[in-house]
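Here is a brief report on one protein model and its ligand. Please look over the sequence and the structure before reading on.

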Amino acid sequence: MLVPEPDCCLCGLCDGRTTIVLPDGNLLSKVVFVGEAPGENEDLQGRPFVGKSGKILADAMALAGISRSDVMITNTVKCRPPSNRDPKPEEMEACRPFLESELSGRSLVVGLGKSAIRDLIDYDGKMADIVNRIVDLDIGDGTVRFLPTYHPAACIYNKSARVALAEAMGIVRSYL
Ligand code: URA
């Protein structure tokens, strides 16, 4: 797996970060979750999904009998965007070689939320039209299955997103 240099400054996000947030969980898993970008807690601790969204994700996983050590967890960009704004296309582009090396050869890539889905399959339509519908994703020299679903943060006030994320975890379970 390709990893950014500790002093990586391939995009402007290096200016505001505390830590580069590298993939976590089971780095050899067949299943990878891709979130948007590190938030404040992730930036401080250097691990993805350890804040509020991480708790929602962990709870959804646990309901399906999945633990953090069953899957790999990463983000489209490895550094926190200022004020948690969405990562810009050029920032995702700069981080792309790392993401590509993380995803190639896996069985299932789970895109958590709009940024990951836009970055990976270039889809910018309604979430409801694509959620939990598996498509092929060409990555590196091969193809993996891609499962677009809701970001855990979208589940806070949206019951149907919660239900869909739970359903996605059921699909994930069948790949493990
Ligand atoms: N949200 C994300 O998309 N990724 C994280 O690591 C944390 C919150």
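Start with Ser115. Not counting residues up to four places away in sequence, Ser115 touches Glu36, Thr76, Asp86, Pro87 and Met92. The model is a predicted one. Ser115 sits in helix H4, which covers residues 114–121. Is Ser115 buried or exposed? Its relative accessible area is 2%, so Ser115 counts as buried, the cut-off being under 20%.

Glu36 leads on to the ligand. Around the ligand are Gly35, Glu36, Ala37, Glu42, Pro48, Phe49, Asn75 and His151.

| Residue | Part of residue | Distance to a ligand oxygen atom |
|---|---|---|
| Glu36 | backbone N or O | 2.7 Å |
| Phe49 | backbone N or O | 2.9 Å |
| His151 | side-chain N or O | 2.8 Å |

Now the largest pocket. Its volume is about 330 Å³. The lining consists of 18 residues. Nearest the centre of the pocket lie Ala37, Gly39, Glu42, Ser53 and His151.

H1 gives the largest share, three residues. By type, the lining divides into six nonpolar, seven polar and five charged residues.

Conventions:
Residues numbered from 1 in each chain as written. Predicted model: local features only at pLDDT ≥ 70, side-chain atom pairs only at ≥ 80, totals over all residues. Heavy atoms only, no water. Helix = DSSP H or I, 4+ residues; strand = E, 2+ residues; numbered from the N terminus. Buried < 20%, exposed > 50% of the residue type's maximum accessible area, 1.4 Å probe, protein only. Contact = heavy atoms within 4.5 Å. 1 Å grid on protein atoms, 1.4 Å probe; cavity = no way out; pocket = protein on both sides within 12 Å on 5 of 7 lines; lining within 4 Å. Points joined across faces, edges and corners; volume = space filled by probe spheres on them. Nonpolar A, V, L, I, M, F, W, Y, C, P; charged D, E, K, R; others polar. Near = heavy atom within 4 Å. Polar contact = N/O pair within 3.5 Å; in protein donor to acceptor, adjacent residues only side chain to side chain.
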